[in-house]
Amino acid sequence: MNKIEEILIYNLEKDLPINLSTIGGLDGLKESRKDILTSKFLDLVLNIIVDEVELGDREKISFITEFFSDGLKNNLDEITVREAVLTLCNNPEKLSGCFTTLLELLKDQDRNSFLKSQYLLAAFQIATYNKAKKHYLIGYLLEEDELDDQNYFSHYVKILGLSYSFFQDESIFERLTDVMDTSVDDDGLYEVGMGYLGKGISAISHADAYYSFTKAKSYFNKVDSSIHTDAYCIDLILEVLLSYANKSAKEEQIHHTLNKIENTIRLSSGWHRVNASLPWASARNAEIINWYHLVNILKNSMAALDEISWFDPKIVIENYLLRIYNCNRTFLKKDGGAGVDHLIQPLIQMKFNQQETYVYLLDKWISSQPQNELWADAGKLRQDIVDYKRNASLGKDEGTAEEIASTVPFSERIPIERRKQFTEFTKEYMISNFNNTSQNLVEIFEKIVTELQVIQSFKNHEIGSNFRKHLYNTLKFLESRMDATKGNISAVSYLFEKDQKEDALQNDYYIYMGAVPSDGKINIEVNNVAGGRADVVFNHIDHQFVFEVKRELSNSSFENIRKQYLGQASEYQNTGPKLGGLLVLDLTNNKNGIGAIEDNVKLEFIHDPAGKPVRAVLVIKVVGNRTTPSHIKLKEE
């Protein structure tokens with residue numbers, strides 16, 4: 001035991017104060033330098049000198065930086081190193097000069113995984129303070145390939161995720177998702193979820209926000225909730241948020257979910273592998289609480305939005321609606337982006353559109369509260385309601401200006417000076433494409449178009465033109481799926497298997513139709529169509545067409561398809577053109593052949609009481625549960 005260790009032990013036993021002078025000042029440190037660097041009391045000594053050295057004393061800062069770096073190099077005691085790193089993490093402004101040493105130690109293959117995890121934590125904490133260091137840290141994170149040790153891997157992906165949260169460098173997130181492709185590490189799954197959560201918060205559109213929050217939820221779902229309690233909390237919160245976006249939120253369900261979140265938060269302050277005194281750790285715990293507050297307000301707002309009348313509109317508007325209308329800023333404390341707002345705002349706009357009383361009360365509030373800090377938010381809400389009302393009349397589900405803009409024909413979005421070249425291209429493209437159309441398919445197309453002339457909606461030039469495009473492309477889809485082999489086109493392998501869900505056909509059709517030219521926009525699983533959810537929707541500026549997708553296991557005759565599914569398919573035409581489609585995945589026994597293409601297409605009509613055809617549904621049978629032609633045997637009478 002060296003001299004300084006004896007002094008420290010004596011003072012600790014006697015409960016005497018310990019400071020730099022107790023151990024002889026800097027001169028005492030220099031004399032016992034070698035002994036202290038390998039001592040189990042190294043972390044205590046480092047704490048003493050860091051506390052007493054002023055940041056402006058450059059000579060002493062240089063000394064303690066060198067002393068600290070040598071301590072990390074020479075001391076291999078895990079507890080000592082852990083406590084020393086904690087000191088560094090809490091004093092990055094004084095010890096940022098240790099960063100180079102930390103990177104060197106990370107590349108030392110003789111260091112065990114625990115020590116390397118501590119070095120990495122310290123390097124990350126310095127990089128969050130000293131932005132000049134972040135590029136070196138990112139470089140290491142992207143290039144590190146010694147990840148076989150599971151313990152170090154868990155810490156590595158944790159720091160990868162934290163680095164993405166702090167630095168917002170997309171290359172970090174790409175690296176994180178790459179290394180997690182083949183791993184089920186809970187830390188990594190949690191960090192990928194946090195990454196998508198951040199993307200959702202900063203999203204600039206409803207679609208981007210919904211996608212990112214859905215992806216985040218899928219990753220949090222995979223995490224062991226018994227260990228990562230904050231992942232469980234966020235998963236529950238996103239459940240509420242997404243139900244709000246889907247317009248399916250119910251007050252009692254939110255209340256039940258809130259109770260589960262509250263109980264979880266009460267039992268655990270959130271999971272972190274390191275000391276909770278670290279700035280980023282406490283920040284994440286605070287973020288969980290912010291999310292909880294948001295969902296709590298959402299619960300109250302549901303009741304407010306569903307009230308027949310507001311008995312105290314000032315409280316409702318100020319305490320609930322305006323606070324959540326820009327909740328990215330008010331609750332999540334995020335100045336950039338408005339991802340959560342994009343999910344929540346359409347429902348509020350819809351409720352106002354349904355209740356003129358709400359609009360009147362909001363207008364009164366705006367006129368009487370010009371000095372209120374929420375006045376600008378109220379003005380934005382009022383304008384958004386006007387936009388929603390205008391766009392909702394055009395059949396837009398979300399009623400946002402962004403959504404309506406996306407359905408403007410793509411040719412109209414091209415600058416005028418470049419349209420000549422594009423017009424020439426479209427002519428050449430159409431000629432080339434239609435030259436490859438078989439005579440048989442042309443005859444089917446002509447027959448259906450002739451039959452459609454009795455439908456009033458089809459006589460409208462724009463509606464008829466758009467539906468003909470979807471008709472032609474759907475026939476081409478059917479033709480390709482009847483001709484394709486699973487050996488050459490893996491996307492059609494589901495047609496050669498019996499146990500398939502209808503979403504296999506839905507996704508195949510969606511991908512195919514999304515790749516062909518169209519003046520509109522294609523969506524799947526669209527809510528609020530005839531009071532339900534439509535499978536595939538082709539949106540145009542002032543109208544839409546719905547193509548429903550089903551599967552049939554026992555009787556694929558057109559008579560049975562009409563009886564079982566035509567009612568639903570035609571119901572989606574209630575508020576739009578009386579035209580639509582129905583694709584049926586035929587999973588009956590088709591081992592004896594799939595028939596001719598014309599045998600798998602039929603135009604069905606819905607008649608009014610007088611017998612006049614008033615609606616039309618294009619029915620397409622896509623034959624599955626089939627075999628290859630080489631296995632077909634001719635059966636003769």
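Select helix H11 (residues 150-167) and helix H13 (residues 186-201), whose axes lie 8 Å apart at an angle of about 10°. Axes are lines fitted to C-alpha atoms over the stretch in contact, and angles run from 0 to 180 degrees between N-to-C directions. H11 is therefore roughly parallel to H13 (angles under 35 degrees). This is a predicted model: local features need pLDDT of at least 70, side-chain atom pairs count only at pLDDT 80 or more, and totals for chains, interfaces and linings use all residues. Residues are numbered from 1 along each chain as its sequence is written, and side-chain values use heavy atoms, leaving out hydrogens and water.

Now show the side chains between the two helices. Residues of H11, including Val 157 and Tyr 164, meet residues of H13, including Tyr 190 and Glu 191.

Next, select H5. Its 17 residues reach 24 Å from first C-alpha to last. Buried residues here include Phe 63, Phe 67 and Leu 72 (buried means under 20% relative accessible area, 1.4 Å probe, protein chains only).

Stay on Phe 67. Beyond its neighbours within four places in sequence, Phe 67 is in contact with residues including Leu 29, Arg 33 and Ile 49 (heavy atoms within 4.5 Å).

Finally, select helix H6 (residues 78-89). Its buried residues pack against helices including H4 (42-52) and H9 (113-129).

Key
Helix = DSSP H or I, 4+ residues; strand = E, 2+ residues; numbered from the N terminus. Expected span 1.5 Å × (residues − 1). Buried < 20%, exposed > 50% of the residue type's maximum accessible area, 1.4 Å probe, protein only. Parallel < 35°, antiparallel > 145°, perpendicular 65-115°, else oblique.
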